[in-house]
Amino acid sequence: MGILVILEQKENSIHRMSLEAVAGAQDMADKMNMEISALLMGADVSPYVEKAQGLELKEVIVAQHELLNEYSCDGFSEIVRQVIEKESPNYVVMAHTYMVRDFLPRVSALSGVPFVPDVVSFQVTDGKPVFTKQMFNSKLGSDIVVNGAQGGLISFQSAAYQAESVRKGDAPVRDIEISLTPDQIRSVSEAPFQESSGGVDLTSAEVLVSVGRGIGEESKIPMAKALADAIGAELAASRPVVDSGWLPPFRQIGSSGQNVSPKLYFSVGISGAIQHVVGMKGSQNIIAINKDPEAPIFEIADYAVVGDLHEIIPRLTEALQEQ
Amino acid sequence: MKIAVLIKQVPGSDSAFRASENELWIEEMQIQYEMNESDAYALEEALLIKEAQGSGEVVVVCMGPSARVSKVLREALAKGADRAIHIVEEDPLETDPYQIANILSESIKSESFDLILSGLQSVDLGMGQTGVLLGTMLGMPTATLVIATEISGDKIKVKRELESGWFQWVGLPLPACLSIQSGINTPRYPSLKGIMGAKKKEIKTINKGDVQLRDSLQMVNRIYSMQRDKKTEFIEGEPDSQVSRLMDILRSEVKVLGA
């Protein structure tokens with residue numbers, strides 16, 4: 001059947017990372033001459049159908065069941081297993097979200113199809129599909145090939161593809177019959193809740209000013225806040241700043257915090273440990289200030305400002321306020 | 001309660017990683033192998049659950065070459081694990097998580113564990129799925145990104161990390177299989193008594209070849225240094241000139257300032 005891309009829903013919309021996954025699926029389809037179907041699954045997916053139809057796809061497949069009202073690993077994996085069985089896709093493509101990390105391995109075990117996770121790029125080499133993934137704390141790259149003809153489950157890392165580059169179209173819709181009974185869902189999920197998010201969503205901020213250990217002390221945080229305000233940014237932080245209690249955990253970027261890809265990531269006194277970099281390297285533009293010209297953050301920065309942030313930031317804030 | 005903890009030995013995260021000449025693994029000259037970070041949290045959680053229950057058994061399960069594995073297994077036993085199962089593997093090492101889970105499943109299914117804990121993902125390959133694969137193969141419900149656990153009777157409640165600072169409590173019937181997120185607890189150091197006692201604890205060995213029943217579904221074909229694809233402009237000099245260049249960038253290149 002080609003490629004089946006599964007669209008995830010988030011906050012009454014199609015997840016932005018799912019649109020990136022569609023761009024990835026379109027790239028795969030171009031290189032392997034395949035067609036793409038999209039799957040929407042849930043209790044009622046009608047609010048998302050129109051948006052999905054507007055993508056360049058062969059069709060939008062709709063799988064609805066009241067037991068999909070809330071996410072469960074058992075329920076979602078069983079439905080995807082059934083759709084794979086009926087439609088026989090060569091590849092199933094999703095975004096590497098927390099939900100995918102939870103249930104796609106179960107689909108792999110149920111369907112006997114390999115799950116290649118967290119893919120950053122795709123190419124066909126000598127007629128073989130090759131998936132590139134970072135390994136060893138993102139310090140090395142690796143090429144993964146799927147053995148045999150059974151294809152695979154693929155998840156794309158955030159910002160591996162741009163949501164804006166998705167090709168638009170006008171796809172027909174088709175319902176697919178699925179079955180699910182309450183006894184198949186063994187887990188009981190309670191309502192999701194937030195722990196003092198402060199109403200901040202760093203993932204949707206266009207500009208972030210992010211503070212690292214190089215800021216020196218808690219009393220300097222307002223200096224960074226003033227810069228953030230002047231530039232219209234949200235304030236973010238690396239783990240050491242949060243561990244020190246200078247900023248709350250919901251402002252943390254990195255593997256144990258948020259994963260962001262804003263238009264501008266303005267990093268202040270962050271050295272660029274890999275645990276931090278994985279959470280922000282997808283940013284469209286990266287400006288970094290650090291006094292150490294060898295700081296690893298400069299490896300991924302577009303603009304590397306080598307100097308004393310305590311000298312530069314107040315001057316920059318003033319210049320921004322004046323303009 | 002009988003608890004299994006999956007433990008992987010991985011190159012220490014401070015290591016300088018260079019691809020080996022055959023591009024299938026890394027240069028091992030200066031590499032120290034240690035317990036994978038999130039696996040250490042999983043082990044601690046298992047020990048805490050056993051202590052809270054007042055009885056039970058914690059069994060650590062590890063696959064890999066003897067030279068690498070024995071150190072982390074001794075460390076786990078010294079921290080309080082009751083015994084160990086070592087699936088002995090020689091080069092070339094398996095990289096397919098499905099195959100690895102299948103081997104683990106064949107090796108431990110006769111043990112009938114009530115709970116299986118693994119770390120969320122390894123810092124070397126980072127496939128992040130072995131625990132769920134194993135749990136599914138053993139017919140257990142699974143949950144990942146677990147940052148708190150509560151046992152009550154034949155059920156376990158876990159707090160799961162969702163995206164963007166959201167969380168959710170999920171109840172699962174036992175037996176169950178959980179992938180543990182780093183930071184769930186504070187892993188203990190082995191005591192001197194623990195280190196002495198570890199020497200007397202059982203390490204059962206299983207030959208990988210005896211439990212490998214199928215072909216691998218995927219393989220790592222090549223490991224290499226990633227090309228640096230960014231051109232970085234270095235902005236040095238006096239703060240005033242740096243600020244003036246930054247204003248240009250914000251206004252005309254990155255374009256984040258209003259008109």
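Predicted model: local features only at pLDDT ≥ 70, side-chain atom pairs only at ≥ 80, totals over all residues.
Student: How much area do chain A and chain B bury between them, and which three residues of chain A supply more of its share than any other three?

Tutor: The size of an interface is often given as the accessible area lost when the parts come together. Here chain A and chain B bury about 6,900 Å² between them, with 57% of it on carbon and sulfur atoms. Of the area that chain A buries against chain B, 11% is supplied by three residues, more than by any other three, and these are Y98(A), F136(A) and Y303(A).

Student: How many salt bridges are there between chain A and chain B, and which residue of chain B does D143(A) bridge to?

Tutor: Between chain A and chain B the count is four salt bridges. In the one formed by D143(A), the closest N and O atoms are 3.9 Å apart, which lies within the 4 Å cut-off, and the partner of D143(A) is R222(B).

Student: Which element gives the largest share of the side of chain A that touches chain B?

Tutor: The contact takes 77 residues from chain A and 78 residues from chain B, and 33 residue pairs between the chains are in polar contact, both residues being at pLDDT 80 or more. On the side of chain A that touches chain B, the largest share is eight residues, and these come from helix α4 (residues 98-111) of chain A.

Student: In which sense do strand β18 of chain A and strand β13 of chain B pair, and which residue stands opposite A304(A)?

Tutor: Strand β18 (residues 303-306) of chain A pairs with strand β13 (residues 233-235) of chain B over three bridges, and the sense is parallel.

Key:
Residues numbered from 1 in each chain as written. Chains lettered and ligands numbered in written order. Heavy atoms only, no water. Contact = heavy atoms within 4.5 Å. Buried area = accessible area lost by both parts, 1.4 Å probe. Salt bridge = Lys/Arg side-chain N within 4 Å of Asp/Glu carboxyl O. Polar contact = N/O pair within 3.5 Å; in protein donor to acceptor, adjacent residues only side chain to side chain. Helix = DSSP H or I, 4+ residues; strand = E, 2+ residues; numbered from the N terminus. Pairing = 2+ DSSP bridges.
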